Amino acid sequence: MTITYPLSLPTVTGFNDITLRATNAVAYDQSPFTFSGQSQAYAGQAWSADLSLPPMKRERARVWTSWLTSLRGQFGTFLLGDPQASTPSGGGGGSPVVDGAAQTGGQLDITGATASITSWLKAGDYIQLGAAGTATLHKVLQDVDTNSSGEATLEIWPYLRSSPTTGSTVVINNPQGRFRLAANEVSWNISDAELYGISFAAMEAI
């Protein structure tokens, strides 16, 4: 069976620990004499992550080690989201879609959400745009209320890298983005208690 990217995460175990990082490309120049400074924001915004798995016996470890190796270093991609935020903290509901073409920047107009809901999404929730090979993960930065027509404007990070098609789905349950390994080498250790230790770093696939 041919391996097709992006891969889904193995389900034999969850993660022991995840560190998610939101990185912005910002130049900052500060005077060494007055400490006053100037900042310049650039387009670069990206997720990265450090992930560690619980110690496990070989039967489960073989699933993870083969999965990691099948990524072929930084060549392959996989889908990843915040496992503690698979459902929104807000009310959610409806079938939200992108409302309008040619949208750019850090705001996204949507429609099709449950109408007249206060905190339909809450700050810190996530959405996904695209699917599989085009999936992007975005964090919602402010609480979102819907109007009587089920419309709303979302403040999101990272900014839209391309304009989503009007009518395309906005995923609010189990949102994920596309990632790749941060290095071309993967490794794992095996203790004298016959337990495998596995951790790896990832970066958003852009």
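A: Let's start with Thr-77, which lies in the loop between α1 (58-70) and β3. Names like these come from DSSP runs numbered from the N terminus: helices are H or I runs of at least four residues, and strands are E runs of at least two. Keep in mind that this is a predicted model, in which local features need pLDDT of at least 70 and side-chain atom pairs count only at pLDDT 80 or more, while totals for chains, interfaces and linings use all residues. Residues are numbered from 1 along each chain as its sequence is written, and side-chain values use heavy atoms, with hydrogens and water left out.

Is Thr-77 buried or exposed? Its relative accessibility is 5%, so Thr-77 counts as buried. (Buried means under 20% relative accessible area, exposed means over 50%, and partly exposed is in between, with a 1.4 Å probe and protein chains only.) Leaving aside residues up to four places away in sequence, Thr-77 touches Tyr-5, Pro-6, Leu-7, Leu-71, Arg-178, Phe-179, Arg-180 and Ala-205. Touching here means contact, with heavy atoms within 4.5 Å.

The peptide bond from Tyr-5 to Pro-6 is cis, with omega near 5°, and Pro-6 belongs to the segment before β1. Most peptide bonds are trans, and most residues other than glycine have a negative phi.

Ring pairs link Phe-179 with Phe-15, Trp-64, Trp-67, Phe-78 and Phe-200 into a cluster. Rings of Phe, Tyr and Trp (its six-membered ring) pair if their centres lie within 6.5 Å; planes under 30 degrees apart count as stacked, over 60 as edge-to-face and the rest as tilted. That rule gives 11 aromatic pairs. One of them is the tilted pair of Phe-15 and Phe-200, 6.4 Å centre to centre with 55° between the planes. This pair links distant parts of the chain, 185 residues apart: Phe-15 is in the segment before β1 (17-30), and Phe-200 is in strand β12 (residues 196-204). Phe-15 is partly exposed, with a relative accessible area of 22%, whereas Phe-200 is buried at 9%. Phe-200 also pairs with Phe-78: their ring centres are 6.3 Å apart and the planes stand at 75°, so this pair is edge-to-face. It too joins distant parts of the chain, with Phe-78 in strand β3 (residues 78-80) and Phe-200 in β12, 122 residues apart. Phe-78 and Phe-200 are both buried.

The charged end of Arg-72 sits over the ring of Phe-75, 4.5 Å from its centre. To count, NZ of Lys or CZ of Arg must be within 6 Å of the ring centre and within 35 degrees of the ring normal.

Finally, look at backbone angles elsewhere. Ser-119, in the loop between β5 and β6 (126-129), has a positive phi near 55° without being a glycine, and Ser-119 is buried at 14% relative accessibility. Ala-132, in the loop between β6 and β7 (136-140), also has a positive phi, about 50°, but Ala-132 is partly exposed at 42%.
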